[in-house]
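Subject: Structure for you to look at

Hello,

Here is the structure I said I would pass on. Please open it first, then read the notes below it.

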Amino acid sequence: MKPFETLGEFMTPEGHRLTLHRRTRDYYLYFDGEELMSSRRPASESALATLACRHLPDTKQPQVLIGGLGFGYTLRAALDALPAAAKVVVAEVFPTVVDWNREYLAEIQGHPLDDRRVRVCVSDVRDLLQEKFRGRYQAILLDVDNTPEAWCIKTNGQLYDERGLGRIKRCLSPGGILAVWSASPEPAFVKRLRKTGFKVSTETVRAFGGRGSRHTIFLARTP
């Protein structure tokens, strides 16, 4: 087996080490030495967008917010499912992740960051969930942590508590959809979503499509 090639590393403001590796044609992102994502297991990241876009309100110009760029699989799937007039805002807190996507990952995704529908904001997704964005989005897709808790960044927890979910709900249009990726089912999160006023369903998807680890997609619709 060929060894890993380290393509880059980045120290987060909280002191965590983010590293990008390649082995043959596969790419791996590690967080403090633990695998965070891989190009070998993209199915559930793609499903996050595919499932959400099935539930979009009926509009010719949907606006979608994606929290977390990752390896671009969610963005690619969203672009494939959305109409030509759609607008997609991607919030990625780490500028290095954007750079790595452009330098190493663009070709395997068909250069999604160059799509005219896409605008990338190097910022915390919470910056795009303020009062001035009330009713702005038809869909909000979140893949910023392994579960609806704070693991990579401590402030991520503020997205998933009742106050954070209320902020997200206000930024969605009537009938809008919130989709959240998780490595585990997290029933307590379902209860919080319902308490906030969302109509909730969940989908179990596999990392390799029909096989591999089981991941959960939470789908929460506004009234």
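How many cavities of 30 Å³ or more does a search of the whole structure find? The search finds one. Before the details, two remarks on the source. This is a predicted model, in which local features need pLDDT of at least 70 and side-chain atom pairs count only at pLDDT 80 or more, while totals for chains, interfaces and linings use all residues. Residues are numbered from 1 along each chain as its sequence is written, and side-chain values use heavy atoms, with hydrogens and water left out.

Cavity and pocket

Rolling a probe the size of a water molecule over the atoms shows where empty space is left. Here the work is done on a 1 Å grid over the protein atoms alone: a cavity is a set of points where a 1.4 Å probe fits but cannot get out. A pocket is an open set with protein on both sides within 12 Å along at least five of seven lines, and lining residues have an atom within 4 Å of a point. Grid points are joined across faces, edges and corners, and a volume is the space filled by probe spheres set on the points.

The largest cavity has a volume of about 440 Å³. Its lining is made of 31 residues, and M37, G68, E92, D143 and V144 are the ones nearest its centre. By class, this lining has 18 nonpolar, seven polar and six charged residues. The classes are: Ala, Val, Leu, Ile, Met, Phe, Trp, Tyr, Cys and Pro nonpolar; Asp, Glu, Lys and Arg charged; the others, Gly among them, polar. β3, β4 and α2 each supply at least two residues of the cavity lining, and β4 gives the most, with three. Such labels come from DSSP runs, numbered from the N terminus: helices are H or I with at least four residues, strands are E with at least two.

The largest pocket has a volume of about 180 Å³. Among the residues lining this pocket are E35, M37, E45, W181 and H215. Strand β4 (residues 34–38) provides the largest share of the pocket lining, four residues. Sorted by class, the pocket lining has four nonpolar, four polar and three charged residues.

Helix α2

Is helix α2 enclosed or open? Helix α2 (residues 73–81) is largely enclosed by the rest of the structure, because seven of its nine residues are buried. Buried means under 20% relative accessible area, exposed means over 50%, and partly exposed is in between (1.4 Å probe, protein chains only). The buried residues are Y73, T74, L75, R76, A77, A78 and L79. They pack against α1 (43–54), β5 (63–67), β6 (87–91), α3 (95–109), β7 (118–121) and β8 (137–142).

S44 is found in helix α1 and is buried, with a relative accessible area of 0%. A polar contact is a pair of N or O atoms within 3.5 Å; within protein, one must be able to donate a hydrogen and the other to accept it, and residues adjacent in sequence count only if both atoms are side-chain atoms. The side chain of S44 makes one of 2.9 Å with the side chain of W181 and one of 3.4 Å with that of E45. Leaving aside neighbours within four places in sequence, S44 is in contact (heavy atoms within 4.5 Å) with W181, V205, R206, A207, H215 and I217.

Q138 is found in strand β8 and is buried at 11% relative accessible area. The side chain of Q138 reaches the backbone nitrogen of Q63 at 2.7 Å, and a polar contact of 3.2 Å joins the side chains of Q138 and S173.

Aromatic pairs

The structure holds six aromatic pairs. Rings of Phe, Tyr and Trp (its six-membered ring) pair if their centres lie within 6.5 Å; planes under 30 degrees apart count as stacked, over 60 as edge-to-face and the rest as tilted. The rings of F4 and Y28 have centres 4.9 Å apart and planes at 65°, so this pair is edge-to-face. The pair links distant parts of the chain, with F4 in the segment before β1 (5–11) and Y28 in strand β3 (residues 26–31), 24 residues apart. F4 is partly exposed at 35% relative accessibility, whereas Y28 is buried at 4%. Ring pairs link F4, Y28 and Y30 into a cluster.

Regards
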